[in-house]
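Please look at the sequence and the model below, then read the notes that follow. They are grouped by topic.

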Amino acid sequence: MDTKNLGFNSKLIHGGGYKDKYGSVNVPIYQSSTFQFESAEEGARCFNGESDGYIYTRLGNPTIKVLENIIADLEKGYGGIGTSSGMGAVNTVYMGLLKQGDHIISSDAVYGPSRVVMEGQYSCFGIESTYVTTSNIENIKRAIKPNTKVLYLETPANPTIEISDLEACAKIAKENNLIMVVDNTFSSPYLQRPLEFGAGVVLHSLTKFINGHADIVGGIVVAKDELLYKKLRSTMINLGCNMDPHQAYLVIRGLKTLGVRIDRAQENAMKVAEFLEKHPKVEWIKYPGLKSHPQHELAKKQMDGFGSMISFGLKGGFEAGKTLMNNVKMAMLAVSLGGVESLIEHPASMTHSKVSQEDKLKAGITDGLVRYSVGIEDVNDLINDLEQALAKI
Ligand code: LCS
């Protein structure tokens, strides 16, 4: 079946172009590290690119290929590259697009390790980085240098839920010959497709919304064109951060319900956000669906929904936040996000603890910030849970 013109939810179920010769409804797990060649000549053709037969799972695998095809199609890219984790995807992009002497501009609110690895390790290879609040386009313009090669955005950003203007950023990137990379983990292609706005590369931690069940760690890179795709695939292969077939199978399974999960989670998130916004013990809240979010209109323009990630601060700061986190019973106190279960965490001391205090504050990652990933439970239970925990402060 040609799936190209199907709707998003149909693609989640039927995409990827796999037809099983035994009629299996699910994609089999090709749990094999290596693949037999029909002849020595065929083996040589596989290696020189004249045949697209499989060789060795680090280079490619039929189960992983189905997942790569589905996500590439959903993101409207040329091809996908499965990776062992979201950080595998981040490093494939850094290593593939930057060389000694290059400079990268990045959102200051990014997942902590995406910044820490650049500042701590890539700097040793002579790669420079600057972190700015990319929701203000002027900050990006000011940071551009003759050796800038990449503009790296996270929008909505982890954990500040700051939103950058994809169209305006892509325009600047184009004018200055930069490759725009977007970490689309917080939205998934269901809510936002950065390649349509002019990004060259999109990446995901599949661990989050796309898999959605907190049972695997995985990542993917999607490139807009063939040249970038080939470059990034060979980088992933050389780094050895490939996905495993069993991991790919679980993501394909989780992916089928992406649309219905996000619909439900963001409906819950809106109600939780409205409850928190009105609560007397809440000092501030950032949720793109609230009119009070500074980029609410931009979110409406470039996203197909507001997602289910909320950040907020309590009167009484970190101490009050700790009391809340220690008393919620439904929302589990755990890092990660985007799953069916609600999770709560404290970025300053957990996911972003390795970012310096000064850089955290500049990016708006204050000690008082609590991050809540809203799941698909009954929303009244989530609100009652928050209510009783807030009462303990
Ligand atoms: N990009 C974003 C936006 C993320 O949130 C994460 C992980 C990664 C990349 C890395 O993906 P991983 O290697 O973990 O699959 N974010 C996490 C978080 O906020 N809590 O725990 C992990």
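Asn-211 sits in the loop that runs between β6 (201-205) and β7 (219-223). In this predicted model, Asn-211 is buried, because its relative accessibility is 1% and the cut-off for buried is under 20%.

**Around Asn-211**
- Beyond residues up to four places away in sequence, Asn-211 touches Leu-206, Ile-216, Leu-250, Val-251, Gly-254 and Arg-261.
- Asn-211 and Val-251 are 40 residues apart along the chain, yet their C-alpha atoms are separated by 4.8 Å.
- Leu-206 has its own set of contacts, leaving aside neighbours within four places in sequence: Leu-67, Ile-71, Asn-211, Gly-218, Gly-219, Ile-220, Met-243 and Val-251.

**The largest nonpolar core**
- This core has 48 residues, and Leu-206 is one of those that touch the most other members.
- Helix α3 (residues 62-75) supplies the largest share of the core, with seven residues.
- The core lies between domain 1 (8-255) and domain 2 (258-390), because both give residues to it.

**The ligand site**
- The ligand is surrounded by 18 residues, of which Asp-183, Ser-205, Thr-207, Ser-336 and Arg-371 are the closest.
- Asp-183 has a polar side-chain atom 2.6 Å from a nitrogen atom of the ligand.
- Ser-205 places a polar side-chain atom 2.8 Å from an oxygen atom of the ligand.
- For Arg-371, a polar side-chain atom is 2.7 Å from an oxygen atom of the ligand.
- On its own the ligand has 480 Å² of accessible area, and the protein covers 93% of this.

**The loop between β4 and α7**
- Pro-156 lies in the loop between β4 (148-154) and α7 (166-175), and the peptide bond joining Thr-155 to Pro-156 is cis, with omega about -10°.
- Pro-159 is also found in the loop between β4 and α7, and the bond from Asn-158 to Pro-159 is cis, with omega near 10°.
- Ile-161, in the loop between β4 and α7, has a positive phi of about 60° although it is not a glycine.
- Ile-161 is buried, because its relative accessible area is 1% and buried means under 20%.

**The loop between α7 and β5**
- Asn-177 is located in the loop between α7 and β5 (179-183).
- Asn-177 is a residue other than glycine with a positive phi, near 60°.
- Asn-177 counts as exposed, because its relative accessible area is 68% and exposed means over 50%.

Notes:
Residues numbered from 1 in each chain as written. Predicted model: local features only at pLDDT ≥ 70, side-chain atom pairs only at ≥ 80, totals over all residues. Heavy atoms only, no water. Core = buried A, V, L, I, M, F, W, Y, C linked by side-chain atoms within 4.5 Å. Buried < 20%, exposed > 50% of the residue type's maximum accessible area, 1.4 Å probe, protein only. Helix = DSSP H or I, 4+ residues; strand = E, 2+ residues; numbered from the N terminus. Domains from an automatic or database assignment. Contact = heavy atoms within 4.5 Å. Near = heavy atom within 4 Å. Polar contact = N/O pair within 3.5 Å; in protein donor to acceptor, adjacent residues only side chain to side chain. Areas by Shrake-Rupley, 256 points an atom, 1.4 Å probe, with all protein chains shown as cover.
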